[in-house]
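Biologist: Please take one part of this model and look at it closely, setting out what surrounds it and how it relates to the rest of the chain.

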Amino acid sequence: MSTLQFPTRLPADLLVELGELTGIRWNSWELEPIICDAIRRYMHPPAAPAQEQTSTTSGAGYQWKQVYLPEGTRLRASFGGQPYFATVTGTEIKSGDLTLTPSGFANLHGSGNRNAWKAVWLRFPGNEQWVLADVCRAKQKAAIARLFAGADYVAAEPPAAASRSARPSAQRVAVAVAATKGRKQGRKHGKAKKHGRRGARPAGSTA
């Protein structure tokens, strides 16, 4: 594809904002395919969101390790400054007539040693934002960690509740104290009666 070499003026703040959004430096050549793709989508808007939403409710999709790609997910990579695309169709990733894995798609062009997590961008159905696959994986790992942390906390609750229930209630403590006092008073009364018998003198006796 031929290109025309002429300067195009873009506001600096727009380039900086685009760089922050994509994670690519504002003056990097890697922004070029993203800008071209944005212009193409402006000229040729994507299909209506209702159609994409219908595909997501079918339950079909591709499981890429921790990240699930529902049917209709778009994949984008670039080589030599030129972007190329694939789409999740059913349970497969299709690029034209090819059925690919994420790694196969990332290395469809080039030397074949690129990390797909770092090279593939994803756009999920109903969402216009492209997100780096590695960012999606990090978010999913964090969500899984929070999920299991919550499960561990719930699982730890029953023993704690059991230890609380093992503590003596106020009623049982009061009964135990009353019983102890009763036993002490009984012993004192017995001693007093015994002492009285020892100190008693026969009738008619004199000192």
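Modeller: In this predicted model, leucine 75 is in contact (heavy atoms within 4.5 Å) with Tyr84, Phe85, Ala86, Val88, Ile93, Phe105, Val120, Trp121, Leu122 and Trp130, once its neighbours within four places in sequence are left aside. Residues are numbered from 1 along each chain as its sequence is written. Local features need pLDDT of at least 70 and side-chain atom pairs count only at pLDDT 80 or more, while totals for chains, interfaces and linings use all residues, and side-chain values use heavy atoms, with hydrogens and water left out.

Leu75 is also among the residues with the most contacts inside the largest nonpolar core, together with Trp64, Leu69, Phe105, Val120 and Leu122. That core has 20 residues, a core being a set of buried Ala, Val, Leu, Ile, Met, Phe, Trp, Tyr and Cys residues joined through side-chain atoms within 4.5 Å. Two or more of its residues come from each of β1 (61–64), β2 (67–70), β3, β4 (82–89), α4 (102–106), α5 and α6 (133–165), where helices (H or I, at least four residues) and strands (E, at least two) are DSSP runs numbered from the N terminus. Apart from this core lies another, of six residues, including Ile24, Leu31, Trp121 and Leu132.

At least three lining residues come from each of domain 1 (12–43) and domain 2 (61–148), with bounds from an automatic or database domain assignment.

The loop between β1 and β2 holds lysine 65, a residue other than glycine whose phi is positive, near 50 degrees. Lysine 65 counts as exposed because its relative accessibility is 65%, given that buried means under 20% relative accessible area, exposed over 50% and partly exposed in between (1.4 Å probe, protein chains only).

For the protein as a whole, the secondary structure comes to seven helices and eight strands, and buried residues make up 24% of the 207 residues. Of the contacts with a separation of 6 or more, 44% are accounted for by residues 24 or more positions apart.
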